[in-house]
Structure formats: C-alpha cells, structure tokens
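Please look over the sequence and the model shown here before reading on. The report is meant to be read with both in view.

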Amino acid sequence: MRIDIITVLPELIKSPFEASILKRAIEKGLVEVHFHNLRDYTTNKQKSVDDYQFGGGAGMVMSIQPIDDCITKLKRERAYDEVIYMTPDGETLHQGMANSMSLLKNIIILCGHYKGVDQRVRDQFITREISIGDYVLSGGELGAAVLCDSIIRLIPGVLSNETSALTDSFQDNLLAPPVYTRPAEYKGWKVPDILLSGNFPKIEEWREQKAYEHTKNRRPDLLKE
Ligand code: ADE
C-alpha cells in the first residue's frame, strides 16, 4: 500500500511513522508513506497556501491552486483508490472503515487547516471525507496519523500472530476482555483462577463472557448493531 499525505505541517505528522509498528511496516516494505508540503506547490510569491474568505468571516481558507497542483501531479504518476480529506464534518472513523481501507493500493490524504479548504477542492478532487470524532482539532494531521495507524496495522503481515488484530476491540462489535500478566498475585490482588487453569475452551468461554459484559456496560449501542 502507498499513502501520500498532503499537509502544511509535515513535521507535525512524521513522528508516528518513525516508531514501533508503523516504522516496522515501512521497513518491511508493506507500506510506503510519502509526505508532501503544500508550500512546495504554491505559485504565489509569498508562498502562502491560504486566503481570506469570500463574503467575509473569521478564519482563512486553504487555496485550491497548490492542492490542485499536488493532487494532479500525484494522479499523473499512479491511479488512486481514494482521495481522502480529514475534516470534523466527515463520516466518523470506525473499525469497519479501517478494515476495508487496509485492502486499498494507493490513497491520498489531505490534511485541512484554518477554516478548511476551498469547497471546490472537495467538489473536484475528494472522494471521501473522514473525521476521527466529534471534536475539532487544530488541523487534519493528527487525524491523518490516527487514520493511518488504524489502517496500517491491519495490512496483512504487519502484525505477528501474537498481536493479531482479530482479537482487538471492535473487530466483532465487542470490546476486548480484560488481560493479565505475571505475577499471578500482586499485593494480594489475584488473577482470575480460570486463566491459570490451562483449560483453553473454558478460558475462551470466560473471555467471550467478559467481552460481552464489558460491551453491555460500556457500549450497549455496539450490541444493537
Ligand atoms: N480536522 C479538525 N478536526 C478534525 C477531526 N475531528 N477529524 C479529522 N480531521 C479534523
């Protein structure tokens, strides 16, 4: 998979790709991530990438020209499955979206800033608009990092069997059950006996029950889906 990220702040989004699972996925060649600084595409003398809103109003709007030039250049080089715009008014990211997007070959992610992008960018270039939740961030970069992490860890070969994503919360509309590690007793606080029993069918049954109870308590809406 190849991900092209278009941003005015590349320094803000690079670091999540330089550690742990994402770093290893890149090193293994399972994903390529390229960053494009919008300022390198602007043709105006001041190197500005935004301008005042027509009709008045507070806040600057990202201009269409540098975005058009960047996306058009990338599209000339290869075909893209999606051109995604990170925005608080997009569809809210969930595990099902990450699952299906992990099967794509090439995607572009445009990070918004200020009051957002000129509407013509959305009309002409964007195929999907995604939010990471009902709150407003200073820009799309952190949202793009969250989206990329949720997708990349699902690409076949990125996680080992032990860390398989199949047992993650949300994979089957259930939250994950509690987990424990050594010591079996700490300050008198004990690990549930069943987990030490070696009876794996019973352990599996216990985990399913706990996952169900946890989901019922915390996210009953998931059980209705
Ligand atoms: N940009 C600003 N807020 C955002 C959000 N909640 N999700 C995605 N991109 C954003």
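The sections below treat the basis of the model, the strands, the ligand surroundings and some individual residues.

## Basis of the model

This is a predicted model in which local features need pLDDT of at least 70 and side-chain atom pairs count only at pLDDT 80 or more, while totals for chains, interfaces and linings use all residues. Residues are numbered from 1 along each chain as its sequence is written, and side-chain values use heavy atoms, with hydrogens and water left out.

## Strands around β5

Helices (H or I, at least four residues) and strands (E, at least two) are DSSP runs numbered from the N terminus. Strand β5, residues 82-92, runs parallel to strand β6, residues 106-111, and five bridges join the two; strands are taken to pair if DSSP finds at least two bridges between them. Within this pairing, V83 has I108 in β6 as its bridge partner. β5 is also joined to β7 by five bridges, again in a parallel arrangement, and here M86 stands opposite I130.

Together with helix α4 (residues 95-101), β5 and β6 make a right-handed β-α-β unit, where right-handed means that, with the strands pointing away from the viewer, the path from the first strand over the helix to the second runs clockwise.

Y85 is found in β5 and is buried, with a relative accessible area of 2%; buried means under 20% relative accessible area, exposed over 50%, and partly exposed in between, using a 1.4 Å probe and protein chains only. Leaving aside residues up to four places away in sequence, Y85 touches L110, G112, G116, V117, R122, I126, R128, E129 and I130, a contact being heavy atoms within 4.5 Å. Y85 and L166 are 81 residues apart in sequence, and their C-alpha atoms are 28 Å apart in space.

## Ligand surroundings

The residues that surround the ligand are M86, T87, P88, I130, S131, I132, G133, Y135, V136, L137, G139 and G140, where a residue counts as near a molecule if one of its heavy atoms lies within 4 Å of it. A backbone N or O atom of I132 lies 3.0 Å from a nitrogen atom of the ligand, a polar backbone atom of Y135 is 2.8 Å from a ligand nitrogen, and a polar backbone atom of L137 is 3.0 Å from a ligand nitrogen.

The unreviewed UniProt entry places the feature "binding site" at G112, I132, G133, D134, Y135, V136 and L137; such positions are given in the numbering used here, feature names are shortened, and annotations may be inferred rather than shown by experiment.

## I132, L137 and S131

I132 lies in the loop between β7 (128-131) and α6 (141-152), and L137 has its place in the loop between β7 and α6 as well. I132 is partly exposed because its relative accessible area is 21%, and L137 counts as partly exposed at 34%. Beyond residues up to four places away in sequence, I132 touches M86, L93, L137, G143 and V146, whereas L137 touches I132, L142 and G143.

S131 lies in strand β7 and is buried, at 3% relative accessible area. The side chain of S131 reaches the backbone oxygen of G133 at 3.0 Å, and, again not counting residues up to four places away in sequence, S131 touches T87, P88, G90, E91, T92 and L93.

## Other residues and backbone geometry

H36 has its place in strand β2, residues 32-37, and counts as buried because its relative accessibility is 9%. Apart from residues up to four places away in sequence, H36 touches D4, I5, I6, T7, Y41, C70 and L74.

K47, in the loop between β2 and β3 (50-51), has a positive phi of about 65° although it is not a glycine, and K47 is partly exposed at 43% relative accessible area. N173, in the loop between α6 and β8, likewise has a positive phi of about 65° without being a glycine, and its relative accessible area of 26% makes N173 partly exposed. The peptide bond from R182 to P183 is cis, with omega near 5°, and P183 lies in the loop between α6 and β8 (185-186).

How values were computed
A polar contact is a pair of N or O atoms within 3.5 Å; within protein, one must be able to donate a hydrogen and the other to accept it, and residues adjacent in sequence count only if both atoms are side-chain atoms.
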